[in-house]
Amino acid sequence: MAGSSGFVDPSGSGRQWYDLFSRGARDWLRHNDKVRAAVRDKLPELIAGSELLPSADRTVQVPVRFLEHARLRLRDAEQSEGVGQGAGKPGDQLVQPSDGATSKGAGGNEEGGYQFILELKIDDIVDWLWEELKLPNLKVKSGAVQYDDYTREGWSRRGVRSRLDRRRSLKEAIKRRAVQDEGAAFTNDDLRYRQLAMRRRPATEAVVYFAMDVSSSMTENDRKLAKTFFFWVVQGLRRQYTHLEAVFVAHTVEAWEFAETEFFQVSGSGGTVASTAFKKVLDIAMDRYDPGRFNTYVFYASDGANFHNDREAAQAALMELGSLANYVGYVETASMAQQPLQSETALLFEHLEAATHAAGRHALSSPESVWDAIRAFFSKGAEVEV
Amino acid sequence: MNSALQGYAGRLEALAQSHGLDYYPVQFEEVPSSFMMEIAVYGLPVRMPHWSFGVRYIYQLVQHRMGHSRLFEVVFPGNPGRAYLAGNNSLQENTLVTAHVLGHADFAKNNSLFKRSQEQVGYRIVEQAAAHARQIGAAVEQYGQLRVEQVLDAALSLEAHIDSGQLLRRDRYPQYVEAPRPVQESGFQKRFENLPGSAEVVDAPLERSRAPIPPGPERDLLWLIAEYAPELEEWERDIFRAVREESFYFHPVFACQIMNEGWASYWHARLLREADFLPQNEYLDALKTHSDVVRPHAAEQQASLATNPYHLGFSIWESIVKEHGLTRAFQIRAEDDDFSFVRNHLTEDLAEELKLFRYERSADGGVKVLDHDIDALRETVLAPKYNFGAPAVLAKHIANDGSLTLVHEHDTDGRGLDLDRAERVLDYLHKVWRRPIKLETIDSAGQPRTVSRAA
């Protein structure tokens, strides 16, 4: 027979343990971490996708599906049977067949309905992408300015809350409690704050030139690839190097310098005379960024179709550039071309490399290759040479 | 806790016991509705962490926000039983829920499937599950999230693959088998053996030989992996054992859902009807809750493509009590599961009264009413309940190199496995089995298809 049943009174003992955290939310966060990790692994393919265009608040939104924890189950049946309830005579058509193509088939869509939007900060993406990437051949330029910069150095008992070092404070608390019988969990004396100190550091100043062919032969797709490449390179370099100058040049049969925001909007028409861009870069270098003081990098994007009669001028300008620059990179937007890196322009860069200047070439044939190109250029020679 | 409810609860219990309801003491607890939602998601108040529960949690949250689901109570069998009531229930709702809980508690103590599973999990699944959660939390601390998750991915994907006919604590297979007995000597046998040229056959039969593993097809994949996976560490095996123990608890809940929900509904209706101590208006309010919960999915004039197990079970129990009396009903609740319950007691008259019909949904989305054939109706209701709701996948053989062969019995299931999911489950399994593993099924054309992972 039953014993006495009873009500447990939750109000008596104050807050219940289940108020303190939500296990559902915890597991949901873990799910999101997994989604994030999956997105992160696929970022190279995603970063050039159209759905990934950055919005004004420096985030990109990726639509993702919930992960499904797979179970063994039967294949969806061609026809499935069920038991219903209510008015229905044999032969009644309760639901009309839909137009075929869009139908999901019988059953099997119970948890497929929801999508959610994962918002990723551009800074985070850049962090992930650029984790191990550096400007190639970076040198400490002789006679360079020394920069005053804050570095972390030691701990202090006073400070602002944002610099509280929890780990260190906890250590102090443990040490104190080891010698006290009934010490409080934390006292003000346990708290340790990170200290910043102003220190002088040798500067590695750098200027990066982004030159892009915007002639009519560049298709919409080509331009998009080139701009995507430049966008993520700029983001990455800015994140990695605080003192970095970026110069944007676009050219058709002549070349212009643009501000960063305009550069990503620019489109042009007309023929292709690459030498104009190289000369423009040289001019700017001489004028504003002395290669003796600045580490100089040039990245040039084109579909490779340069005018034949520009060959000599372009080669000469490029060689001069090569002798000044730490590194010259060329990306060929070969989305249409059959043989990437066999073009007129590619030839110019081949000669540049042969002349033992630090240079590299890479084809941009698809969104995925944007990342390959970035990796190819920025994973070599990461050490600073003095 | 509202003192009015406490008073009602005591009198409802006395009334229930006077009818012969027999149950272990139940501890009632009012909890916030957010916690109710988590219980519904996890199936247990405190359960091991896994990201898949997070996904279910969000679905539940969305449905809840959209007002599609409301949970009044959840009961866990055991001694004592535990009942959680949603904190936002009204007094009237809680009165009904208390009566409903008593029905569940009686069912859990007396139904043979429940009894068997409760004996095995020691009448304290709530505590056991919390202990598993702690154990797995400790494993996360020690071995890291990724390693634990890898084991849970595999174990939980096989959650339904137990053999409820076996004991929770099972002995390992015998290591050796006796050599088959020599064939009985007959005159012919002797003459045959003595034919010229066959003299050198020396019979030195091995006394016993190493037994194959498993000796016959094995249904309990969780057990097989926990005990026989070649390279699992002990803490990993413990996770498989923890998941398996919880599956043993969940099995009767699944196998008796129609009966159990029906029984609790029958009793809350009956106890309320007879509770003359309830003020009239409170009785009416409680009755309204009853009709909200226990009602066919279809409104008056329409047809619904699903049946409400509360309503179906409730109607079958009412007809049993009417036809055969309460004593017989008590006996049925002790002996049956949903299979025998529906096959024996969902009568043609009742099906007609409930306006049940069978329908067919074709791939183009069209739905057509088929018939009212009672045998077919019963089987269609029961079809999703076979084998704990999972395809029949059995372990056939573990070879000397540790490679595992799983076989899908597609004949009994009628069609092959969903190959995409089978691939992914095999990915999970391969990470714990750590030797070659293959799964045999058939494809959509009915041709044999093997999904496999090399070492």
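Q: Does Arg223(A) count as buried or exposed?
A: This is a predicted model, in which local features need pLDDT of at least 70, side-chain atom pairs count only at pLDDT 80 or more, and totals for chains, interfaces and linings use all residues. Residues are numbered from 1 along each chain as its sequence is written, while chains are lettered from A and ligands numbered from 1 in the order in which they are written. A residue is buried if 20 or more other C-beta atoms, placed from the backbone, lie within 10 Å of its own, exposed if 12 or fewer, and partly exposed in between. Because Arg223(A) has 20 C-beta neighbours inside 10 Å, it counts as buried.

Q: Which residues does Arg223(A) touch, not counting residues up to four places away in sequence?
A: Arg223(A) is placed in helix α5 (residues 220-240) of chain A; helices (H or I, at least four residues) and strands (E, at least two) are DSSP runs numbered from the N terminus. Two residues are in contact if their C-beta atoms, placed from the backbone, lie within 7 Å. With residues up to four places away left out, Arg223(A) touches Val214(A), Met218(A) and Ser267(A).

Q: How many of the 5 residues of strand β13 of chain A are buried?
A: Strand β13 covers residues 359-363 of chain A, and strand β12 (residues 327-332) of chain A pairs with β13(A) in the parallel sense over 5 bridges. Two strands pair if DSSP finds at least two bridges between them, and here Tyr330(A) stands opposite Arg361(A). Strand β13 is largely enclosed by the rest of the structure, because its buried residues number 4.

Q: How far apart do the C-alpha centres of domain 2 and domain 3 of chain A lie?
A: Chain A is divided into domain 1 (23-68 + 114-124), domain 2 (147-201) and domain 3 (206-378), with bounds from an automatic or database domain assignment. Between the C-alpha centres of domain 2 and domain 3 of chain A the distance is 48 Å.

Q: Which helix gives the largest share of the side of chain B that touches chain A?
A: In this interface 75 residues of chain B are in contact with 57 residues of chain A. The largest share of the chain B side, 9 residues, comes from helix α3 (residues 51-65) of chain B.

Q: Which are the edge strands of the open sheet of 5 strands?
A: The order of this sheet is β4(A)-β8(B)-β7(B)-β3(A)-β6(B), with antiparallel pairing. Within it, strand β3 (residues 79-86) of chain A and strand β7 (residues 356-362) of chain B pair over 7 bridges, and Gln79(A) has Ser362(B) as its bridge partner. Strands that pair on one side only are β4 (93-95) of chain A and β6 (303-304) of chain B.
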